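This briefing covers one protein chain.

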Amino acid sequence: RDLRAKQAPAESQIPEDYLRGLHYMLSEQTDEAIDAFGKALEINSSTVEIHLALGRLFRMRGEIEKATQVHQNLLVRADLARESSELVRYELANNYMAAGLLDRAERLLRELSLTSGEIKRRSLNLLMEIYQREKEWQLAIETALDLLPFGEKKIRSRLAHYCCELALLHID
């Protein structure tokens, strides 16, 4: 009992901003809730996912500057694990795309496409979207070919579409 009594006060110390954020969420004041959660949560290895989600939420609400700021703050952390750093850069590329800064997004996604696993697949998909928007058919084809080993759905039909677009350019 003495041990539990000594541990209980330390465990129950919840930041005031966090509690305020919960109150705002429950009363459907999302703007205030987001700001309070942002202040309450220190950046460390256990809160990276929460910060990523907070940045995504800002982006979905059209607050690209806030989303970018959250993700850039995460990126400057020296103690960030490689996987977390890749996720942060991926989210930052999404922010840049939402802001129309396709050149910045492309640069980040090209770097991430050199990695492996799920982040590579997601990055290649976004790169392909950029190339399609910009009508860069040869780059879209190369990116689609890189996606083939991942077994992406409909990748072959998209690849055929890009080849047709490129052929039309050559015919003209």
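Is Arg110 buried, partly exposed or exposed? Arg110 counts as partly exposed, because its relative accessibility is 40% and the partly exposed class lies between under 20% for buried and over 50% for exposed. The model is a predicted one. Its protein chain comes to 10 helices and zero strands, and buried residues make up 37% of the 172 residues.

**Overall fold**

- Read from the N terminus, the elements of the protein chain follow the order α-α-α-α-α-α-α-α-α-α.
- Taking contacts between residues at least 6 apart in sequence, 41% join residues at least 24 apart.

**Helix 9 and helix 10**

- Helix 9 spans residues 137-147 and helix 10 spans residues 155-171.
- The two helices pack at an angle of about 160°, and their axes are 9 Å apart.
- Helix 9 and helix 10 are therefore roughly antiparallel to each other, since angles over 145 degrees are classed that way.
- The crossing of helix 9 and helix 10 is left-handed.
- On the helix 9 side, the contact is made by Trp137, Gln138, Ala140, Ile141, Ala144, Leu145 and Leu147.
- On the helix 10 side, Ile155, Leu159, His161, Tyr162, Cys163, Glu165, Leu166 and Leu169 take part.
- Sorted by class, the residues in this contact of helix 9 with helix 10 are 12 nonpolar, two polar and one charged.

**Salt bridges**

- The structure holds 10 salt bridges; those described below are among them.
- Arg110 pairs with Glu106 in a salt bridge, with an N to O distance of 3.2 Å.
- Arg110 and Glu106 both lie in helix 7 (residues 102-112), and because they are four residues apart there, about one helical turn separates them.
- Glu86 forms a salt bridge with Arg82, and the closest N and O atoms are 2.8 Å apart.
- Glu86 and Arg82 are four residues apart in helix 6 (residues 82-99), so this pair is separated by about one helical turn.
- Glu63 forms a salt bridge with Lys66, where the closest N and O atoms are 3.2 Å apart.
- Glu63 is partly exposed, with a relative accessible area of 23%.
- Lys66 is also partly exposed, with a relative accessible area of 34%.
- A network of salt bridges links Arg56, Arg59 and Glu91.

**Ser85**

- Ser85 is found in helix 6, the helix that holds the pair Glu86 and Arg82.
- What is the relative accessible area of Ser85, and how is this residue classed? The value is 19%, so Ser85 is buried, the cut-off for that class being under 20%.
- Leaving out residues up to four places away in sequence, Ser85 touches Leu75 and Leu80.

Conventions. Residues are numbered from 1 along each chain as its sequence is written. This is a predicted model: local features need pLDDT of at least 70, side-chain atom pairs count only at pLDDT 80 or more; totals for chains, interfaces and linings use all residues. Side-chain values use heavy atoms; hydrogens and water are left out. Axes are lines fitted to C-alpha atoms, for helices over the stretch in contact, and angles run from 0 to 180 degrees between N-to-C directions. Angles under 35 degrees count as roughly parallel, over 145 as roughly antiparallel, 65 to 115 as roughly perpendicular and the rest as oblique. A crossing is left-handed if the near helix is turned anticlockwise from the far one by less than a right angle, and right-handed if clockwise. Contact means heavy atoms within 4.5 Å. Ala, Val, Leu, Ile, Met, Phe, Trp, Tyr, Cys and Pro count as nonpolar, Asp, Glu, Lys and Arg as charged, and the others, Gly among them, as polar. A salt bridge is a side-chain nitrogen of Lys or Arg within 4 Å of a carboxyl oxygen of Asp or Glu. Buried means under 20% relative accessible area, exposed over 50%, partly exposed in between (1.4 Å probe, protein chains only).
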